[in-house]
Structures are given as C-alpha cells and as structure tokens.
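Reader: Could you walk me through this protein, one piece at a time? I'm new to this.

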Amino acid sequence: MTLKIHQDHSRFKQIVRGKIKANLRKYVQKGEMLGKKGKDAISIPIPFIDIPRFKYGHKEQGGVGQGDGDVGQQLGPGAVEPGDGHQAGQGEGDHALEVDVTLEELAQILGEELQLPRIERRQNERIVTQKVKYTGVNTTGPESLRHFKRTFKQALKRQIATGTYDPKMPVIIPTREDRRYRSYKLQELPETNAVIIYMMDVSGSMGDEQKEIVRIESFWLDTWLKHQYKGLESRYIIHDAVAREVDRDTFFHTRESGGTMISSAYKLCRDIIQADYPKSAWNIYPFHFSDGDNWSADDTRQCIEMLRNDILPQVNQFAYGQVESPYGSGQFIKDLREAVGDTTNVALSEISDKDAIYASIKDFLGKGR
C-alpha cells in the first residue's frame, strides 16, 4: 500500500510539472500568483482534470412509466418537466486546482523551457565559511552544549543499575558523572555569494503598468539566480533626477514627478559595489529598468563612461531592460547598443508589454554569465 501511494504521488507530481511547463508562458506573463508566494514555495493554479465517471441521463424515448403527465404530477429522479421561468445556466465553468510548487522546482522548469544555461561562476569568487558539525557525545564540555536527553538517560540507567529507581515515584537526579555534552568540529565550506542590484526609473513617465512588468520580471530573475547560488542578496535603487537606496516595497510603489538622470543611479550602484561587494568574493548582477528617457546626451555619455570604467569590470553581467511607455523616448537603449552592445557581459532587452517578459528573461539569462 505504501509503495502504491508513493507511485501515485510521484505520478501526480509529474502531471503537475507537465501542466506547469505547458502553461509557463501564461504564468510568466501574469502577476497574480506573486501574491501567493511564500518563503520557499508558491501557489500556482493549474487546469483541473475531472476524473471520468458515469452519470444518469434524461430519458427521451417511450417505455414503461413514460408519456404525458398531469399538472402537479411529481417527477421521479432523472425526469425533466418543461416549463417557463428562470433556468440554470448552461455550459461548464472553468476549473482550477491550486498546487504548491517550491521555488527550486519552478526554477528548474524555467530553465528547461527557456533552455537557460547554468551560470558560469568566477574562478576566484569562492569564500570560505565555517560551519559547526556535531559529531558525537562526550563526558566533558561547556554547559551550553549539555545534552539533556542523554544526561537523564544516563542517570536513569545508573539508578536502575544501583536499585535506587522507584517506578512509583520516578524521580531522576543526574550527578556530575551522568552529564553528557555534545562534541563538535568546525568544517570549512566553500560558499558562493551573489547580489542583485535592481535600479528603476520612477519619474513621471514610468506608470503603474511599467512597474508591474518590472515586478513580474524581477520575481523570475530572483527565482533563477537563487537556484544557482546558495546566498543571494538584493539591493534596490530608485531614481528620477536623484538616486537613493530603498527597500523592496518602496521600490515597486514609489512614483516621482521629476526629470530623469540615469547617471545618478549608476553612481550609487558603483558606490555600493565598491563598498560592500568585492569582485573576488561576490557574483554581481546589476539590473536597470527604465523607459529610455534621460535628461541629456551629456548624462548618457557619463553613464556609458561609468559602465566601461567602473561597473562592467566588476560585475558578472550588467542588464538593461527598456519598458515601453507612451511618454518615454526609448533612446537610451539605442545609445547603449551602439556603445557597449557587443560587450560580453552586457544584456539588453526591450519589453513592450507583459507578453514580452518571457523573451526578455531569455535575453537576460541566456548568456549563462
């Protein structure tokens, strides 16, 4: 019976995985499931599969008990009496079954469907951390590591052996010789760390629709990079004419009315990298989203200069996503293509609407950097 349950559960997981893969593009484009995200899992609605079964139908042919009836006659099970009045609607409604999928499984499905390569980590980016591993029990040690269960078990064995244990009054008093302590050793483990630095234009030309696109895309970028790295940090920068670092909630819900100076965001990004994330210990991924407007050509030249000299030499990959807006000029991505478009650790993508998010994720993650 246990084997059968495991087989059925495994088959159910395969069916769910297949349904998610078949509808992945739809899930990527829609953002409502992001509100159902937990710490390590997310609820995804999949098409509900009805189990085939027999059901009674209405008899329309003659036979025993068939024929015209009188007014007020009671109907038997399965019979239909025509008449006027309000009737129930026809047609089958949509059925959906919500299943919890771990973010690890979701990342694997995303990688398979988009054919994303595994990220090539830097050769010198490993940092060593120490982890405590408990290896056994000893008779000496600090009180903070006393093993209470083993201590009382040892005291019970001693009292039974000496005949001092009374089952009617089971009082166990450990002595100094009964005390047991956990023993441990320190293990040095290599650990790979990564940081995503999100930057977004929050000037008046970036509306709620554009920010929703950024929010959806950032979820999938986070999911994939967390699948690749054990430790992943996120930093958030918003900018109009001035840049500042904020938390995640403020990042997606702030709107300003000023102009746009992209160089202010790149300066803050550069300062954060230099202060907190040395190239030798971190994999660094700046992602910038805007509608392509910038204050002036001089500011754009300053951005390109900072990218070439300060940011690109330090990061695994710099990504710029231009979200289409009715108020944005769209010029900035053209300038980046001309200046740094051929650089190996630069990824550029134009996102016209939610339908373009799927291809944009491929643009950003398809290089495997």
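Predicted model: local features only at pLDDT ≥ 70, side-chain atom pairs only at ≥ 80, totals over all residues.

Reader: How many helices and strands does the protein have?

Author: Helices here are DSSP runs of H or I with at least four residues, strands are runs of E with at least two, and both are numbered from the N terminus. Counted that way, the protein has 10 helices and 10 strands.

Reader: Which strand is joined to β6 by a hairpin?

Author: Two strands pair if DSSP finds at least two bridges between them. Four bridges join β6 to its antiparallel neighbour, residues 243–246, and I237 has E245 as its bridge partner there. The hairpin passes through three residues and leads from β6 to β7.

Reader: And how many bridges join β5 to β6?

Author: β5 covers residues 193–201 and runs parallel to β6. One of the bridges pairs D201 with H239. The chain gets from β5 to β6 through helix α5 (residues 208–228) in a right-handed β-α-β crossover, meaning that with the strands pointing away from the viewer, the path from the first strand over the helix to the second runs clockwise. As for the bridges joining β5 to β6, there are nine.

Reader: Why is β6 largely enclosed by the rest of the structure?

Author: Buried means under 20% relative accessible area, exposed means over 50%, and partly exposed lies in between, using a 1.4 Å probe and protein chains only. In the protein, 39% of the 369 residues count as buried. β6 spans residues 231–239, and it is largely enclosed because the buried ones among its nine residues number seven.

Reader: Which strands stand at the edges of the sheet?

Author: The sheet is open and has six strands with mixed pairing, in the order β7-β6-β5-β8-β9-β10. Each edge strand has a single partner, so one side of it is left without a neighbour in the sheet. Those edge strands are β7 and β10 (346–351).

Reader: What angle does the direction of α9 make with that of β10?

Author: Axes are lines fitted to C-alpha atoms, for helices over the stretch in contact, and angles run from 0 to 180 degrees between N-to-C directions. Contact means heavy atoms within 4.5 Å. α9 packs on the sheet, touching β8 (282–290), β9 (318–323) and β10, and its direction makes an angle with that of β10 of about 155°.

Reader: Are α8 and α9 roughly parallel, roughly antiparallel, roughly perpendicular or oblique to each other?

Author: Angles under 35 degrees count as roughly parallel, over 145 as roughly antiparallel, 65 to 115 as roughly perpendicular and the rest as oblique. α8 (residues 297–311) and α9 (residues 331–340) pack with axes 11 Å apart, at an angle of about 40°. The contact involves residues including L307 of α8 and L336 of α9. That angle therefore makes the two helices oblique.

Reader: Last one: is Q115 buried or exposed?

Author: Q115 sits in the loop between α3 (103–114) and β3 (127–138). Its phi is near 55°, a positive value in a residue other than glycine. With a relative accessible area of 64%, Q115 is exposed.

Conventions
Residues numbered from 1 in each chain as written. Heavy atoms only, no water.
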